[in-house]
Amino acid sequence: MKLFVGLGTCGIAAGAERTYDRLSALSAGSRGAWAVAKTGCAGMCYREPLVEVRHPDGRRYQYGGMTADRVDRLVEEHLAQGRPVAEWLVWSDDGGGSEQDFYARQTRIVLRNCGRIDPEALEDYLAVGGYEALRQILEQGDPEALIATVIDSGLRGRGGAGFLTGMKWRFTRLAKGDSKHVICNADEGDPGAFMDRSVLESDPHSVLEGMAIAAYAIGARGGYVFCRAEYPKAIERLTLAIQQAEAAGFLGDAILGTDFSFHVKLKEGAGAFVCGEETALIGSIEGRRGMPRARPPFPAVRGLWDQPTCINNVETLANIPWIVKHGGAAFAAHGTAKSKGTKVF
């Protein structure tokens with residue numbers, strides 16, 4: 001049996017670290033009967049701290065408001081006696097819980113792993129099919145077919161402008177330049193917005209895999225994640241994820257034994273709201289004052305270091321591995337006639 005404690009920023013703010021510490025202390029004396037693991041944001045931020053009990057047979061029980069002082073009773077009743085604590089239960093596979101309707105109508109593509117895996121464990125991401133999409137496109141060896149799949153999906157940029165992602169990739173691929181770049185725009189500065197932060201803290205490898213796939217599509221060998229410094233937990237987990245992906249051969253030179261190489265660097269923003277605009281973001285990476293410039297030329301033609309650059313936001317890139325694995329038509333089956341897929345709120 002395994003317990004997952006939500007340790008996104010929302011959970012930590014509600015006291016989840018103390019919950020995790022208490023569970024860990026009790027687990028040490030359980031003689032291996034159950035273990036404790038970290039996970040990210042499950043989306044039900046208003047019921048943090050969240051603790052999920054996952055049985056060996058796959059059954060899942062999620063508890064809300066699980067402060068440290070409630071841990072002992074949870075362990076005694078649910079883990080020791082097999083009796084779920086009904087008044088704290090918010091969701092379960094068998095239909096119990098006060099918030100059962102919260103997830104009922106959700107179709108999770110971007111958030112498919114959030115709250116379900118340990119964001120600091122590469123093996124958890126691999127266990128749910130992580131980096132299989134990257135392996136697939138490298139084996140196929142056809143960047144044009146990859147771009148066509150993304151165009152067929154109808155995926156539009158989730159950063160606000162809504163431009164067709166596949167067309168942006170195609171323009172950047174066709175642009176002339178000695179080198180090309182991929183930038184993940186993680187400078188989420190809108191008041192009250194934390195969709196990107198939730199993904200970066202809960203499933204950072206999905207964003208890195210999306211970047212690597214985008215790089216293969218356009219012919220890039222280097223990229224940046226531009227993340228606001230006010231997201232320390234996201235930066236911490238992104239840094240770890242980049243190190244893990246490099247060590248495992250999913251980033252860096254000769255990825256998965258092929259001739260494709262792609263290196264990712266992390267750039268921390270300095271708190272300027274304007275750097276969420278793509279040309280200002282480019283200026284900041286280059287060491288200049290972050291100020292928007294007139295367009296055209298667009299970054300796809302002249303971007304970072306005056307080279308063709310593809311800029312996608314976090315949510316856009318997190319869709320990409322799913323689209324590659326399931327096909328453009330599966331993604332396009334969701335959404336509206338002119339805006340396909342799902343949207344994180």
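How many of the 8 residues of helix α12 (residues 278–285) are buried? The model is a predicted one, in which local features need pLDDT of at least 70 and side-chain atom pairs count only at pLDDT 80 or more, while totals for chains, interfaces and linings use all residues. Residues are numbered from 1 along each chain as its sequence is written, and side-chain values use heavy atoms, with hydrogens and water left out.

**Helix α12**
- 8 of the 8 residues of α12 are buried, so this helix is largely enclosed by the rest of the structure; buried means under 20% relative accessible area, with a 1.4 Å probe and protein chains only.
- The buried residues of α12, among them E278, L281 and I285, pack against α8 (165–174), β6 (181–186), β7 (222–228), β8 (263–269) and β9 (309–313), where contact means heavy atoms within 4.5 Å.
- After α12 comes G287, whose phi is positive, near 90°.

**The open sheet**
- An open sheet with mixed pairing is formed by 5 strands in the order β2-β1-β3-β4-β5; strands are DSSP runs (E, at least two residues), as helices are (H or I, at least four), and two strands pair if DSSP finds at least two bridges between them.
- β2 (35–39) and β5 (89–92) stand at the edges with a single partner strand each, so one side of each is left without a neighbour in the sheet.
- Strands β3 (residues 51–54) and β4 (residues 60–63) pair in the antiparallel sense over 4 bridges, and R54 stands opposite R60 in β4.

**A helix on the sheet**
- Helix α2 (residues 16–28) packs on the sheet, where it touches β1 (2–6), β2 and β3, and its direction makes about 155° with that of β2; axes are lines fitted to C-alpha atoms, for helices over the stretch in contact, and angles run from 0 to 180 degrees between N-to-C directions.

Note on methods:
Buried < 20%, exposed > 50% of the residue type's maximum accessible area, 1.4 Å probe, protein only.
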